[in-house]
Amino acid sequence: MVCLSKGLSAPVGSLLCGTAEFVARARTLRKLVGGTMRQSGVVAAAGLVALETMIERLSKDHAAARRLAAALSWLDPALADPDQVQTNILRVDVSASGREAAAWAEGVKQRGILVQASGPSQLRLVTHRHIDGAAVDRTIAAFAALGR
């Protein structure tokens with residue numbers, strides 16, 4: 001299965017690959033849990049654009065996530081390990097800070113940065129085509145301001 005909505009900038013959509021029997025079984029199971037195909041042409045069109053135009057730029061998003069992890073690690077090695085970043089998704093551990101992830105998320109939000117708290121001590125940051133070098137710099141500055 002490949003998700004098109006993360007790094008490839010499609011609004012929704014995933015691909016499921018396999019034998020005809022496997023896909024038929026998956027469709028049956030999807031219907032059993034209430035899933036249906038709505039406006040599949042629109043979703044398919046976005047998926048095609050993602051596959052045809054966005055794949056080559058994924059490396060930029062991965063590099064931005066690594067740069068962000070390196071900077072956060074420099075601020076506080078407990079926040080992130082740059083060696084663990086393999087995609088455009090960065091998990092930040094704020095457990096050593098004495099503040100919960102929700103407080104960090106609110107603090108950086110007040111500085112114009114949106115992050116998702118995923119549990120009491122984890123933040124989830126995702127870089128994508130709308131996150132340029134200046135946005136990474138602003139994110140680093142927001143974390144630095146809160147870390148004081």
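Patches here are made of residues with over 30% relative accessible area and no salt bridge, with like charges joined within 9 Å and nonpolar side chains (Val, Leu, Ile, Met, Phe, Trp, Tyr) joined within 5 Å. By that rule, Val 2, Leu 15, Leu 51 and Ile 55 make a nonpolar surface patch of about 290 Å². Accessible areas come from the Shrake-Rupley method with a 1.4 Å probe, and for residues only the protein chains shown count as cover.

Please keep in mind that this is a predicted model, in which local features need pLDDT of at least 70 and side-chain atom pairs count only at pLDDT 80 or more, while totals for chains, interfaces and linings use all residues. Residues are numbered from 1 along each chain as its sequence is written, and side-chain values use heavy atoms, with hydrogens and water left out.

**Overall layout**

- The protein has five helices and five strands; helices (H or I, at least four residues) and strands (E, at least two) are DSSP runs, numbered from the N terminus.
- Read from the N terminus, the order of elements is β-β-α-α-α-β-α-β-β-α.
- The protein is more spread out than a compact globule, because its radius of gyration of 18 Å is well over the 15 Å that the globule rule gives for 148 residues. That radius is taken over C-alpha atoms, and the globule rule is 2.2 Å times the number of residues to the power 0.38.
- Along the principal axes, the C-alpha atoms fill a box of roughly 55 × 30 × 30 Å.
- The accessible surface comes to about 9,300 Å², and 56% of it belongs to carbon and sulfur atoms.
- Of the 148 residues, 28% are buried; buried means under 20% relative accessible area, exposed means over 50%, and partly exposed lies in between (1.4 Å probe, protein chains only).
- Among contacts (heavy atoms within 4.5 Å) with a separation of 6 or more, 54% are between residues 24 or more positions apart.

- Helix H1 covers residues 20–32, and its 13 residues reach 19 Å from first C-alpha to last, close to the 18 Å expected at 1.5 Å a residue. The expected span is 1.5 Å times one less than the number of residues in the helix.
- Ile 55, one of the patch residues, sits in the loop between helix H2 (40–53) and helix H3 (58–75). With a relative accessible area of 43%, Ile 55 is partly exposed.

**Helix H3 and its surroundings**

- H3 has 18 residues and reaches 26 Å from its first C-alpha to its last, close to the 26 Å expected at 1.5 Å a residue.
- The buried residues of H3 are Leu 58, Asp 61, Ala 64, Ala 65, Leu 68, Ala 69, Ala 71, Leu 72 and Ser 73.
- Their cover includes strand E3 (89–93), strand E5 (122–126) and H5.
- Ala 80 lies in the loop between H3 and E3 and is buried, with a relative accessible area of 6%.
- Leaving aside neighbours within four places in sequence, Ala 80 is in contact with Ala 69, Leu 72, Ser 73, Leu 90 and Arg 91.

**Salt bridges**

- The count is two salt bridges, each being a side-chain nitrogen of Lys or Arg within 4 Å of a carboxyl oxygen of Asp or Glu.
- Arg 57 and Asp 61 meet through their side chains at 2.7 Å, N to O, and both residues are buried.
- Arg 67 pairs with Asp 137, where the closest N and O atoms are 2.2 Å apart. This pair links distant parts of the chain, Arg 67 in helix H3 and Asp 137 in helix H5, 70 residues apart.
- Arg 67 is partly exposed at 38% relative accessible area, and Asp 137 also counts as partly exposed, at 39%.

- Val 108 belongs to helix H4 (residues 101–109) and counts as buried at 0% relative accessibility.
- Not counting residues up to four places away in sequence, Val 108 touches Ile 113, Val 115, Ala 142, Phe 143 and Leu 146.
- Thr 139, in helix H5 (residues 133–147), is buried with a relative accessible area of 9%.
- With residues up to four places away again left out, Thr 139 touches Leu 68, Ile 113 and Leu 125.
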